[in-house]
Amino acid sequence: MKFNRAVNIADLREVARRQLPRSVFGFIDGGAHDERTLRDNEGDLAAIRFAPRMLVDVSTRSQQVEVLGQTLSSPMVFGPTGIAGVVWPEGDLCLARATAAKGIGFCQSTTSNASIEQVAQRGRKGQWFHLYVQKDRGLTKSLVDRAWDAGCPVLVLTVDLPVSGPRERDIRNGFTVPPRIDLSNVFDYASKLGWLMRMANAPRFTFGNLDDPNGAPRKLVTLAEQIARNFDASVGWKDFERLRSEWKGKLVIKGLLRADDARRAAELGADAVVVSNHGGRQLDSAPSAIAALPPIVQAVEGKIPVLMDGGIRRGSDVVKAIALGASACIVGRAGLYGLASAGQPGVERAIDILQREIDITLALLGVPDIRHVDRSALFEA
Ligand SMILES: Cc1cc2nc3c(=O)[nH]c(=O)nc-3n(C[C@H](O)[C@H](O)[C@H](O)COP(=O)(O)O)c2cc1C
């Protein structure tokens, strides 16, 4: 199937699976340990039922929202996904350009292949930047300064990755960054000729934000090794407070699942929280994001927006999260499946699919403006 025949995100996932070597597909598609939380993210959203209203004028509809000072054409931000360059050459720029073209948000990863400056200059204006605190605090400070200088209005501190989650697909497939071709996987790579040719012609693999431009060439490592070496597992609330005093823009914490943590984040000056289990890639058996959302919405008492992240595969999933109190959703894999299938046009296809599904859901739900969707839109037996 060609990407432009994909009817839904599941179709795009299937195109991605056929395009990518198994190890690369496993890296984007997989989760931690038994992937229970990954499955629950999708399953718990799928289990929610609507309570549609009839005889409502839905001839004009809107899914536009304001989030953290930005107007978005839909309540969606494509979230930080590291090393998107292994999926498609200059993958970060494809994601940045596609999200800008469609009017939704985009958050760049610390571990992107393109640098903050490259995304700001060649991708889009106003990208959000996500921070993993590095052991080298000088490097961490310089990332924050670079994000501000590049015009990022929002800094997203991801707090659910003190150590790398145990991704068994990556271990089994011997996934490394950059990907390494050896005897064990040569047939897998050789069978994905399109991907292989694109990668052969792609710019050199870099961690645009972390590489020392004058340093030695990067050695092959697993992602888990890279994280263990550089990421700071000692990060605590004091670090958040320091960041709050240093960062002049909006500051968001991504990766909370508990009401007390969310309340504390709001008290300490977070501008928003993202309810997230990292797409089921960190602690397996953590609750699904949609299950963790309502207690957190209740805990912050409307003082700050709450975003939900994890399991969005349909536009109707976005509407369900909004009904349970989210201000917007962060979307990870759906964009990457689009990216794998055709680069920037594939990402645009993923956004079109989700936006069309949000639109039809609003029409059939009898709530023509997404800002008016609330809990009464859900069927609670
Ligand atoms: C391939 C991949 C790379 C990711 N890299 C990061 C990252 O660098 N930083 C981060 O905070 N989250 C990262 N995430 C998590 C996403 O931001 C997001 O939380 C998750 O994908 C949401 O779940 P979904 O894929 O079901 O939409 C990554 C996810 C994937 C699939």
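**How the ligand is held**

In this predicted model, a polar side-chain atom of His-278 comes to 3.3 Å from a nitrogen atom of the ligand. A polar backbone atom of Pro-80 lies 2.7 Å from an oxygen atom of the ligand, and a backbone N or O atom of Arg-333 is found 2.8 Å from an oxygen atom of the ligand. On its own the ligand would expose 610 Å², and the protein buries 98% of that.

As for where this happens, the ligand sits in the largest cavity. Two elements give two or more residues each to the shell around the ligand: helix H2, covering 22-29, and helix H15, covering 333-342. The shell counts 23 residues in total, and the closest of them are Pro-80, Ser-109, Thr-158, Asp-309 and Arg-333.

Stepping back to the whole fold, the protein chain is built with 16 helices and 10 strands. Its radius of gyration is 20 Å, close to the 21 Å that the globule rule gives for 381 residues, so the chain is as compact as a globular protein of that length.

How values were computed
Residues numbered from 1 in each chain as written. Predicted model: local features only at pLDDT ≥ 70, side-chain atom pairs only at ≥ 80, totals over all residues. Heavy atoms only, no water. Near = heavy atom within 4 Å. Polar contact = N/O pair within 3.5 Å; in protein donor to acceptor, adjacent residues only side chain to side chain. Areas by Shrake-Rupley, 256 points an atom, 1.4 Å probe, with all protein chains shown as cover. 1 Å grid on protein atoms, 1.4 Å probe; cavity = no way out; pocket = protein on both sides within 12 Å on 5 of 7 lines; lining within 4 Å. Sits in = over half its atoms within 2 Å of the grid points. Helix = DSSP H or I, 4+ residues; strand = E, 2+ residues; numbered from the N terminus. Rg over C-alpha atoms; globule rule 2.2 N^0.38 Å.
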